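Have a look at the model first, then read on.

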Amino acid sequence: MSHDPASPMRPRRFLPAGPIKGRIRVPGDKSISHRSIMLGALAVGETRVTGLLEGEDVLATAAAMRAMGASVERMEDGEWRVSGVGVGALHQPTGPLDMGNSGTSTRLLMGLVSSHPINVSFVGDESLSKRPMGRVIDPLSEMGASFEASEGGRLPLIVRGASPAVPITYRLPVASAQVKSAILLAGLNTPGTTTVIEPVPTRDHSERMLKGFGAELDVTVEADGTRVITIKGEAELKPQVIDVPGDPSSAAFFIVAALVVPGSEVVIENVGLNPTRAGLVEVLRQMGGQIEFLNSREVGGEPVADLLVKHSALKGIEVDPAIAPAMIDEFPVLFVAASLAEGVTVTSGLDELRVKESDRLSAMAAALTLAGAEIEEREDGLVITGTGGAPLPGTATAAQVTTHLDHRIAMSMAVAGLVSQQGVDVDDTRPIATSFPNFEDLLASLAE
Ligand code: S3P
């Protein structure tokens, strides 16, 4: 699934644009898409999924589940059908699982494999191979799995699953839905009750979907907001029909584009607004962004609405670090919005951004500085002094942005290009296909 290293980089200049207007739909939610394939592959019977994100990351999960015995097929009408093997019955894959660029595939599948009697080797691209896996290796080792990892607990690595695995109670040292989900998925085939204690809430798609598939999962919230999640092991999962809502993390690029390009007005249909994901909308509203929810409803057990977004004069704010987990993937594009706001935006508590597909604090500081924004990079956040709406002045030639194999850097800087004097040159647009294959087409369809 990884980009063919031999294939050339695909640079592109994103030019200043007039108002963006129209109605669009963004692809399915990446987190929910991964989980629907994984849980479908563990249920006995046929799970049907519509609206699945057909990005490279999710296709890596699909290929991995096939390699471990499930049938995962796309129908002609775009529906996906997954026939599972049953919890406890994953097959031994015959070769390494290629995770491409996908941290979610890697960490969640390391969890699943850890409580099955199989040995699995995980490999990934250059970006994924730099990312820390110790955060899942630690709890999964306590459950009895063993690991042979590359230096620093990185890929390539081998997981030797435990059979039976041992149930644990684990307090998350980092606010990470991937770590939480890895433990819960390992807990599915572990006798007894596995408990995850989450001091800071993170996206809860795993909990919602595990319950939907019939797992015995309970969540209690303590007085200080700590969530205690228990899952009973040796579960039997029942196949489901899942409609995947649009990905708020993909909608984010068009929300910000509509807010910052003068004269814009866009409706983005069917956007997932799970409260553990909706932080960006809240922060942009605090900055003065006009974002209305139309037709609020529920899709696939998740709150959803159509978003009406109009160009707005944004103002800089101090972003409350407590909201970070609810918009962890949206900071790169928030930094673009802040660069065009009036006044100073201060962000903090964002150490986790340094271990995403790239170091997103340094990558965005460098990219936006090239585009002419005023940025101060701190250890745990950026401080940005905005232009007050004036296009980013750029350098003498268009800014040459390095994306570091990070889809969200590429798309964020594409948005910055729309409100620049001279355009923004992105060195490589190939990573966009990991999460949002039709991003460039949608952008073109909205430009007047
Ligand atoms: C994800 C969780 C987040 C997020 C990632 C998807 C998930 O990662 O950044 O894009 O699907 O669970 P962390 O859990 O590492 O913060």
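The shell around the ligand splits into two nonpolar, four polar and five charged residues (Ala, Val, Leu, Ile, Met, Phe, Trp, Tyr, Cys and Pro count as nonpolar, Asp, Glu, Lys and Arg as charged, and the others, Gly among them, as polar). Keep in mind that this is a predicted model, where local features need pLDDT of at least 70, side-chain atom pairs count only at pLDDT 80 or more, and totals for chains, interfaces and linings use all residues. Residues are numbered from 1 along each chain as its sequence is written, and side-chain values use heavy atoms, with hydrogens and water left out.

**Who surrounds the ligand**
- The shell is made up of Ser31, Arg35, Thr104, Arg107, Ser176, Ala177, Gln178, Arg203, Ile328, Asp329 and Lys356 (a residue is near if one of its heavy atoms lies within 4 Å).
- Domain 1 (12-28 + 245-446) and domain 2 (30-240) each supply at least three of the shell residues, with domain bounds taken from an automatic or database domain assignment.

- Asp329 puts a polar side-chain atom 2.6 Å from a ligand oxygen (a polar contact is a pair of N or O atoms within 3.5 Å).
- An N or O atom in the Arg35 side chain sits 2.7 Å from an oxygen atom of the ligand.

- On its own the ligand has 390 Å² of accessible area, and the protein covers 95% of that (Shrake-Rupley method, 1.4 Å probe).
- Helix 1 (30-40), helix 3 (103-114) and helix 5 (177-188) are the elements giving two or more residues to the shell (helices are DSSP runs of H or I, at least four residues, and strands are runs of E, at least two, numbered from the N terminus).

- Leu155 to Pro156 is a cis peptide bond, with omega near -10°, and Pro156 belongs to strand 9 (residues 154-160).
- Ser163 to Pro164 is cis too, with omega near 0°; Pro164 is in the loop between strand 9 and strand 10 (169-171).
- Asn270, in strand 15 (residues 265-272), has a positive phi of about 65° despite not being a glycine.

Note on methods: Polar contact = N/O pair within 3.5 Å; in protein donor to acceptor, adjacent residues only side chain to side chain.
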